[in-house]
Amino acid sequence: MELALDVPRLRAVPSEDAAAPPSLDTPDGDLLVRVGQRDRAAFELLYRRYVRSVFGLALRRLGDRHRAEDATQEAFTAIWRAASTYRPDRGPAAGWLYAVARNAVVDRFRAARPGADGELPELVSAEAGPAEQAEQSYVSWRVHRALEELQPREREVVELAYWSGMSQSEVAEQLGLPLGTVKTRTRTGLARLASLLEGELA
Amino acid sequence: MSRDPRFDELLDGEALGAERERLRRAHELLVQAGPPPELPPGLADARQLDGSPRLPRRRLQRRATLLLAAALAVLGVFFAGYAVGHHGGAGGAAGLALKGTAATPHAHATLEVLPETAGNVPMKLTVAGLPKLPAHTYYDVYLVRKGEYYLSCGTFVTAAGGRPLTVTLNAPYRLQHGDWWVITRHAPSTRGRGPVVLRPA
């Protein structure tokens, strides 16, 4: 794709909320509503919160980093264009964003393979059935999004504890922190994740 | 993912009852989700758009990339010529600094590409801050060409404590302008290439 984001259409227009820019505490749903009103700052905040989730979804589905990067840009273009159709009373923003992003990824898959039905396999769990793939995909989407909400120092120890292959002692040594501090940050991070994910993935 | 950290090891029995079950659920979701992907530079830059009026446009990105590549090629030719001239035709070494990704924030390395000999390109990698890996897991040095993983240049493991380590590699192919390297972590359970742990600084 030559042009993923139509910049002139992304130009912000004045709104009633212009005096109150979105903050880090602004819920996703509120951001999405503001994006529907062409709030540029809200869009950028939403982008930062979801870009890793969208890219992860695209990468799992397409299996190629370049195509996944293009699909990610297309997904955010689609989010910008469709945000005005989002209705908070019909469900959480995360689900709406997931659906739009997934459709963009499927479109990318179809464009690359004319005639494909769009039900492309989940590359990281090819042995699973469609229902399991869909669930796995959404779990990754929500968990990666929730990780973005952690304090950087908590996210750092959680990511090291889970995906670096290091023990807690090795994480402590790596970061130059007391072991107790690493354990506290890990527990705090897990507790925060539990709160963020409560209800949605029970 | 190299391994799943044991829940009991992480908490040391600090949380009890319902709170412990909440944390266990979060733990299981983290394990199920797997690591988030490393963002490519184009998307990572967009993450730092605070206050910027525009998101990146791919056409502009590509044009900028081409201009940058052209500029680097010119600089490369200049410095290569300088090195050859300076060393009386023996050729000089070129170095690439690598920095750790989110999973290895304190890791760093330099990759020194030595003059070609008999069709081979020897390289010397000096790396520090990479954790020791579990059995059957290793680090893989990948050549990246035109934005794609091209070939593995060799593998290595590290000792505990992330102590500095020097590895000698040998690439049996000619390098091209614009080539660069990343280091990934490969585990037996990994399908395809593992996550990137070091990339150009």
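This is a predicted model: local features need pLDDT of at least 70, side-chain atom pairs count only at pLDDT 80 or more; totals for chains, interfaces and linings use all residues.
The secondary structure of chain A consists of 8 helices and 0 strands, and the order of its elements from the N terminus is α-α-α-α-α-α-α-α. Chain B contains 4 helices and 8 strands.

Chain A has 202 residues, of which 44% are buried. In chain B, 24% of the 201 residues count as buried. Among contacts in chain A with a separation of 6 or more, 60% are accounted for by residues 24 or more positions apart. The corresponding share in chain B, again for residues 24 or more positions apart among contacts with a separation of 6 or more, is 54%.

Helix 8 of chain A spans residues 179-197 and has 19 residues. The distance from its first C-alpha to its last is 27 Å, close to the 27 Å expected at 1.5 Å a residue. Buried positions in helix 8 of chain A include A:Val182, A:Lys183, A:Arg185, A:Thr186 and A:Arg187. Further along helix 8 of chain A, A:Gly189, A:Leu190, A:Leu193 and A:Leu197 are also buried.

Helix 8 of chain A packs with helix 7 of chain A (residues 168-175), the two axes coming within 9 Å and crossing at roughly 110°. Because angles of 65 to 115 degrees count as roughly perpendicular, helix 7 of chain A is roughly perpendicular to helix 8 of chain A. On the side of helix 7 of chain A, the contact involves A:Gln168, A:Ser169, A:Val171, A:Ala172 and A:Leu175. These residues meet A:Leu179, A:Val182 and A:Lys183 in helix 8 of chain A. The residues of this contact comprise 5 nonpolar, 2 polar and 1 charged.

The largest nonpolar core has 42 residues and includes members from chain A and chain B. Within this core, A:Ala161, B:Ala109, B:Leu125, B:Ile183 and B:Val197 touch the most other members. Helix 6 of chain A (residues 152-163) provides the largest share of the core, with 6 residues. A second, separate core contains 37 residues, among them A:Leu32, A:Tyr50, A:Ala75 and A:Val105.

Note on methods
Residues are numbered from 1 along each chain as its sequence is written. Chains are lettered from A and ligands numbered from 1 in the order in which they are written. Helices (H or I, at least four residues) and strands (E, at least two) are DSSP runs, numbered from the N terminus. The expected span of a helix is 1.5 Å times one less than its number of residues. A residue is buried if 20 or more other C-beta atoms lie within 10 Å of its own, exposed if 12 or fewer, and partly exposed in between; C-beta atoms are placed from the backbone. Two residues are in contact if their C-beta atoms, placed from the backbone, lie within 7 Å. Axes are lines fitted to C-alpha atoms, for helices over the stretch in contact, and angles run from 0 to 180 degrees between N-to-C directions. Angles under 35 degrees count as roughly parallel, over 145 as roughly antiparallel, 65 to 115 as roughly perpendicular and the rest as oblique. Ala, Val, Leu, Ile, Met, Phe, Trp, Tyr, Cys and Pro count as nonpolar, Asp, Glu, Lys and Arg as charged, and the others, Gly among them, as polar. A nonpolar core is a set of buried Ala, Val, Leu, Ile, Met, Phe, Trp, Tyr and Cys residues joined through C-beta atoms within 7 Å.
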